Amino acid sequence: MSDCLFCKIASGEIPADIVYQDAQLVAFRDINPQAPTHILVIPRQHIETLNDLSADDEHLAGQLVRRAGLIAQTLGHADAGYRTVFNCNVHGGQTVFHLHLHLLAGRPMTWPPG
Ligand code: 5GP
Ligand code: ZN
């Protein structure tokens with residue numbers, strides 16, 4: 001989508017601190033990190049929210065989730081642990097309407113989330 005911030009990051013039009021990319025996915029550091037490691041994993045395809053995933057997107061969704069785990073492992077967070085979060089719409093706290101999986105690590109997380 002032409003006016004989407006994360007589409008622009010995926011295409012390189014807007015710079016980001018990219019930690020991983022392939023033909024389907026891009027992962028980059030959050031501009032306002034909520035933990036020592038805070039990475040967003042996104043599909044290159046513009047999908048607005050978790051509500052908008054179709055059956056055809058199941059493989060992509062699996063790649064997205066698995067990639068977050070692999071990045072956590074690569075950055076040395078696997079044993080201590082980490083958190084992954086999809087925020088959806090207003091009550092979920094979503095502010096950017098291009099699907100993204102937050103990977104938060106490097107400190108103990110609290111539960112329940114706010
Ligand atoms: P949401 O609130 O939609 O779940 O998460 C959106 C995230 O995108 C927020 O954590 C926010 O800090 C991050 N973000 C917003 N604008 C930018 C940007 O221009 N660059 C990067 N790297 N992250 C951004
Ligand atoms: Zn987009």
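Which element gives the largest share of the lining of the largest pocket? That would be helix 1, with three residues. Keep in mind that this is a predicted model.

## The pocket

Let's start with the space itself. The largest pocket has a volume of about 770 Å³, and 32 residues line it. If you want to find its centre on screen, look for Asp30, Gln34, His38, Asn87 and His102, the lining residues that lie nearest to that point.

## The ligand in its place

Two elements, helix 1 (5–11) and strand 2 (25–29), each give two or more residues to the shell around ligand 1. Helix 1 comes up again here, with three residues and the largest share of that shell.

There are 16 residues around ligand 1, and the ones that come nearest are Asp30, Asn87, Thr95, His100 and His102. By type, the shell holds seven nonpolar, seven polar and two charged residues.

## Polar contacts with the ligand

Now for the atom pairs. Aspartate 30 puts a polar side-chain atom 2.4 Å from an oxygen atom of ligand 1. Aspartate 30 is also among the residues nearest the centre of the largest pocket.

At threonine 95, a backbone N or O atom sits 2.7 Å from an oxygen atom of ligand 1. At isoleucine 31, a backbone N or O atom is 3.2 Å from a nitrogen atom of the ligand. How much of ligand 1 does the protein bury? Taken alone, the ligand exposes 520 Å², and the protein buries 83% of that.

## Two backbone spots to check

A bit of background first: most residues other than glycine have a negative phi, and most peptide bonds are trans. With that in mind, two places in the chain are worth a look.

One is asparagine 89, which has a positive phi, near 60°, without being a glycine. You'll find asparagine 89 in helix 3, which covers residues 89–92.

The other is the peptide bond between tryptophan 111 and proline 112. Is that bond cis or trans? It is cis, with omega at about 0°.

How values were computed
Residues numbered from 1 in each chain as written. Chains lettered and ligands numbered in written order. Predicted model: local features only at pLDDT ≥ 70, side-chain atom pairs only at ≥ 80, totals over all residues. Heavy atoms only, no water. Near = heavy atom within 4 Å. Polar contact = N/O pair within 3.5 Å; in protein donor to acceptor, adjacent residues only side chain to side chain. Areas by Shrake-Rupley, 256 points an atom, 1.4 Å probe, with all protein chains shown as cover. Helix = DSSP H or I, 4+ residues; strand = E, 2+ residues; numbered from the N terminus. Nonpolar A, V, L, I, M, F, W, Y, C, P; charged D, E, K, R; others polar. 1 Å grid on protein atoms, 1.4 Å probe; cavity = no way out; pocket = protein on both sides within 12 Å on 5 of 7 lines; lining within 4 Å. Points joined across faces, edges and corners; volume = space filled by probe spheres on them.
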